[in-house]
Amino acid sequence: MNMEVTFLGKKFKNPIVPASGTFGFGYEFAEWYDLNILGSISTKGTTLEPRFGNPLPRIAECERGLINSVGLQNPGVDKVVSEELPKLAQVYSGEVFANVGGSSVEDYVETVKRIQDAPNVYAIELNVSCPNVACGGMALGTDPDRVYELVKEVKKICKKPLIVKLSPNVTDIVSIAKACERAGADGLSLINTLLGMRIDLRSGKPIIARKKGGFSGPAIFPVALRMVYDVYEAVNIPIIGGGGISSAEDVIEMMYAGASLTMIGAANLVDPRACEKIIADLPRVMKEYKIDDLMSIVGKAHK
């Protein structure tokens, strides 16, 4: 039984990758389990300058998920390179996806320049889909022309594989995916959070300070699955699938839709050992569905 998968020519021991924003810089989870069992890690979204993030409150619970408006809180790229990534390297021997955010094309380009040479960075995950920042993020990633220009400029200086993380908060995610491919993206990551809100019944006001935030968790899985399926049919670059995955069965379903790797997000906030448990359960599920080799099932739903 082979759980190994290949993505852009690199072999991963399994398809399980903790998603950016739900796993910090990774080393915090080493007290729970050996991180070296993971396929890889997508590190916390990093920007050029330090960001405190959005005002409190910025988390709201909801049925089968949660809403967050953290706002890319991070210490800035220089500290990430000098402190956070070396700390991760002490407890995780693999290479990671460095998630990069920004407020302008220039921000993205400069941040990628500074982070890409870190020894444990395998690829850049360009976040053009965060709904919790006032400019950049989703504001860039919902317009095919703007995302094309951004990816084209970053690709000019990027020495590592360039993955673009797409927003589901669009009318046509396929047009965004195609724009990324035309601009030179090596792969795609989808989806980021949907946009949602909760209102406090006592006050009648939105719970989250910024009113709206990113909705994630098991409730969004069918939406993510459909989008991965649609994008797989439209592009010729590999896909990392995520959005509401919380079980080994979900992983298999997402790979059937077309994902070569899968990202586990909100599940890590519910149970810090979520990824460990999914990896441990994969052999059972593979046996149940008579799967000998995980890589062989990518895109099965299209065949």
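## Around serine 189

Contact here means heavy atoms within 4.5 Å. With that in hand, let us look at this predicted model, starting from serine 189, whose place is in strand β9, residues 187–190. Setting aside neighbours within four places in sequence, serine 189 is in contact with Glu125, Ile163, Val164, Lys165, Leu166, Ile240 and Met263.

Is serine 189 buried or exposed? Its relative accessible area is 2%, and because the cut-off for buried is under 20%, serine 189 counts as buried. One of its contacts, isoleucine 163, is 26 residues away in sequence, yet the two C-alpha atoms are 6.5 Å apart in space.

## The sheet

Strand β9 belongs to an open sheet of seven strands, which pair in parallel in the order β3-β13-β12-β9-β8-β7-β6. At the edges stand β3 (16–18) and β6 (96–100); each has a single partner strand, so one side of each is left without a neighbour in the sheet. On average, and ignoring direction, neighbouring strands of this sheet are turned by 30° against each other.

Strand β7 (residues 121–127) runs parallel to strand β8 (residues 162–165), and four bridges join them. Glutamate 125 has isoleucine 163 in β8 as its bridge partner; both of these residues are also in contact with serine 189.

## Helix α4 on the sheet

Helix α4 packs on the sheet, where it touches β7 and β8, and its direction makes about 155° with that of β8. The helix has 14 residues (144–157), which at 1.5 Å a residue should span 20 Å; the C-alpha atoms at its ends are 21 Å apart, in agreement with this.

Which residues of α4 are buried? They are Val147, Leu150, Val151 and Val154. These residues cover an arc of only 95° around the axis, which puts them on the same side of α4. Asp145 and Lys156, on the other side of the helix, are exposed.

The N-terminal end of α4 has a cap too: a side-chain oxygen of aspartate 143 lies 2.8 Å from the backbone nitrogen of aspartate 145.

## Asparagine 268

Our last stop is asparagine 268, found in helix α8, residues 267–270. This asparagine is buried, with a relative accessible area of 3%. Not counting residues up to four places away in sequence, asparagine 268 touches Pro18, Ala19, Thr22, Phe23, Phe29, Ala274 and Cys275. Among these, Pro18 lies within the edge strand β3 (16–18).

Conventions
Residues are numbered from 1 along each chain as its sequence is written. This is a predicted model: local features need pLDDT of at least 70, side-chain atom pairs count only at pLDDT 80 or more; totals for chains, interfaces and linings use all residues. Side-chain values use heavy atoms; hydrogens and water are left out. Helices (H or I, at least four residues) and strands (E, at least two) are DSSP runs, numbered from the N terminus. Buried means under 20% relative accessible area, exposed over 50%, partly exposed in between (1.4 Å probe, protein chains only). The expected span of a helix is 1.5 Å times one less than its number of residues. The arc is that of the directions from the helix axis to the C-beta atoms. A polar contact is a pair of N or O atoms within 3.5 Å; within protein, one must be able to donate a hydrogen and the other to accept it, and residues adjacent in sequence count only if both atoms are side-chain atoms. Two strands pair if DSSP finds at least two bridges between them. Axes are lines fitted to C-alpha atoms, for helices over the stretch in contact, and angles run from 0 to 180 degrees between N-to-C directions.
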